[in-house]
Amino acid sequence: MAAPLTLLIIVAVTIRAALFRSSLADLISERVEVVSPLNAWKRVVEGLALLDLGVSPYSGDVFHETPLIIYLFHFVIDYAEITFMLADIITAIALYLAVKDYNKHVFRKQKYALEADRYPLDCLELIRSPKEMYYIPLKVAMFYLLNPFTILSCVAKSTCGLNNAVIALYILSTIRGSALLSAIFLALATYQSIYPLTLFAPALLYLLQRLYIPVNIQRPSFWFFTLQYSFMYLGSLCVLVCLSFFLLGSWDFLFSVYGFILSVPDLTPNIGLFWYFFAEMFEHFRLFFLCVFQINVFFYTIPLAIKLKEHPVFLIFMQIAVISVFKSYPTVGDIALYMAFLPAWAHLYRYPAGI
């Protein structure tokens with residue numbers, strides 16, 4: 001499978017390199033479907049210019065990315081195109097490996113259930129054969145790398161691609177059972193855009209399932225691992241925030257990044273729900289509906305976690321989809337990440353009402 005994946009990566013890089021050198025690159029980078037006030041490359045460049053002049057990039061209303069992003073591009077600005085292509089490749093490889101490991105787990109679980117005769121007769125058509133599962137990881141990587149949404153996002157140099165890479169590494173770490181790496185990458189994703197906080201529940205459920213710890217609030221083992229994972233996650237998040245303060249020497253970034261995401265002051269048209277609704281909103285009602293809209297992203301986590309507690313990987317897929325729909329500044333790059341998982345649930349296509 002390494003040869004097809006390598007060929008896929010070569011094709012994906014060739015397409016991106018050709019578009020970077022074409023006249024379409026500037027047009028794509030201006031499209032509101034592809035970039036937002038949060039992740040537009042033009043704003044990153046302006047933030048870098050302010051930083052080089054010794055002015056805080058958060059002193060105006062231009063730059064709203066995190067400090068680690070601006071300091072990353074401070075060193076790799078001349079290799080920005082390679083950086084974004086590399087981010088897409090890392091995302092695809094991480095998703096490929098994650099789905100491959102997940103399929104092994106599903107096949108093993110499926111085999112034991114079949115031997116124990118646990119499946120009802122009407123469910124046997126949902127059983128996946130090894131041949132079907134063999135090509136799913138490659139399809140997932142293909143769905144990500146060759147998705148026009150991913151390509152457009154990369155060519156526009158939207159920092160959404162970097163966020164997707166971090167979330168993909170979080171998924172891989174979780175499925176491989178590394179609680180520490182899972183917590184670190186989840187903290188990094190949360191640091192970037194707040195909303196991945198909702199991915200805490202599925203990671204915890206999967207790791208508990210992998211360690212054969214029952215989800216039972218009366219069991220000390222459940223609380224011990226939950227506190228352990230929470231400590232690793234919150235500790236990593238605190239380190240990232242403190243590192244940002246150390247780099248900038250001020251807390252200005254907190255309001256400029258997270259305040260901007262939550263208060264939605266820029267109503268530039270995009271593919272999300274916020275801009276049109278709040279453009280028509282009377283100022284008197286703005287705060288109330290702002291809270292209602294923002295709660296939407298987090299509200300679905302509890303009922304979905306209760307319903308899908310036995311299927312935490314599907315819960316991750318659902319939460320990523322919910323985030324891409326209800327976040328304040330979505331772009332097509334956010335949609336591309338959850339679309340990549342569609343081949344993993346191909347056996348459910350005959351039941352579209354349940355997807």
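Predicted model: local features only at pLDDT ≥ 70, side-chain atom pairs only at ≥ 80, totals over all residues.
At 43% relative accessibility, Arg176 counts as partly exposed.

Helix H9 covers residues 160-175. Its 16 residues should span 22 Å at 1.5 Å a residue, and the end C-alpha atoms lie 23 Å apart, which agrees. Of these 16 residues, 15 are buried, so the helix is mostly covered, given that buried means under 20% relative accessible area. After H9 comes Gly177, which has a positive phi near 85°.

Rolling a probe the size of a water molecule over the atoms shows where empty space is left. Four cavities of 30 Å³ or more are present in the structure. Two or more lining residues come from each of H9, helix H10 (179-193), helix H17 (312-326) and helix H18 (332-339). By class, the lining of the largest cavity divides into seven nonpolar, five polar and two charged residues.

The second largest cavity has a volume of about 120 Å³. It also has 14 lining residues, with Leu38, Asn39, Glu65, Asn163 and Ser193 closest to the centre. H9 and H10 are the elements that give two or more residues to this lining. By class, the lining of the second largest cavity holds four nonpolar, seven polar and three charged residues.

Aromatic contacts come next. A pair of aromatic rings is described by the distance of the centres and the angle of the planes. The structure holds 29 such pairs. In one of them, Phe200 and Tyr229 are tilted, at 5.3 Å centre to centre and 45° between the planes. Phe200 lies in helix H11 (residues 200-210) and Tyr229 in helix H12 (residues 220-248), so this pair links distant parts of the chain, 29 residues apart. Phe200 has a relative accessible area of 17% and is therefore buried, and Tyr229, at 0%, counts as buried too.

Phe277 and Phe278 make an edge-to-face pair, with 5.7 Å between the centres and 75° between the planes. Phe277 is partly exposed at 33% relative accessible area, whereas Phe278 is buried at 3%. Elsewhere, Tyr102, Phe314, Phe317, Tyr338, Phe341 and Trp345 form one aromatic cluster.

The last topic returns to charged pairs. Another joins Arg21 to Glu81, with the closest N and O atoms 2.9 Å apart. Arg21 is in the loop between helix H1 (2-20) and helix H2 (24-29), while Glu81 is in helix H5 (residues 80-115), and the two are 60 residues apart. Arg21 is exposed, at 65% relative accessible area, whereas Glu81 is partly exposed, at 23%.

Arg31 and Glu33 form a further salt bridge, with 2.8 Å between the closest N and O atoms. Arg31 has a relative accessible area of 40% and Glu33 is at 29%. Arg31 is therefore partly exposed, and Glu33 likewise counts as partly exposed.

Note on methods
Residues numbered from 1 in each chain as written. Heavy atoms only, no water. Helix = DSSP H or I, 4+ residues; strand = E, 2+ residues; numbered from the N terminus. Expected span 1.5 Å × (residues − 1). Buried < 20%, exposed > 50% of the residue type's maximum accessible area, 1.4 Å probe, protein only. 1 Å grid on protein atoms, 1.4 Å probe; cavity = no way out; pocket = protein on both sides within 12 Å on 5 of 7 lines; lining within 4 Å. Points joined across faces, edges and corners; volume = space filled by probe spheres on them. Nonpolar A, V, L, I, M, F, W, Y, C, P; charged D, E, K, R; others polar. Phe/Tyr/Trp six-rings, centres within 6.5 Å; stacked < 30°, edge-to-face > 60°. Salt bridge = Lys/Arg side-chain N within 4 Å of Asp/Glu carboxyl O.
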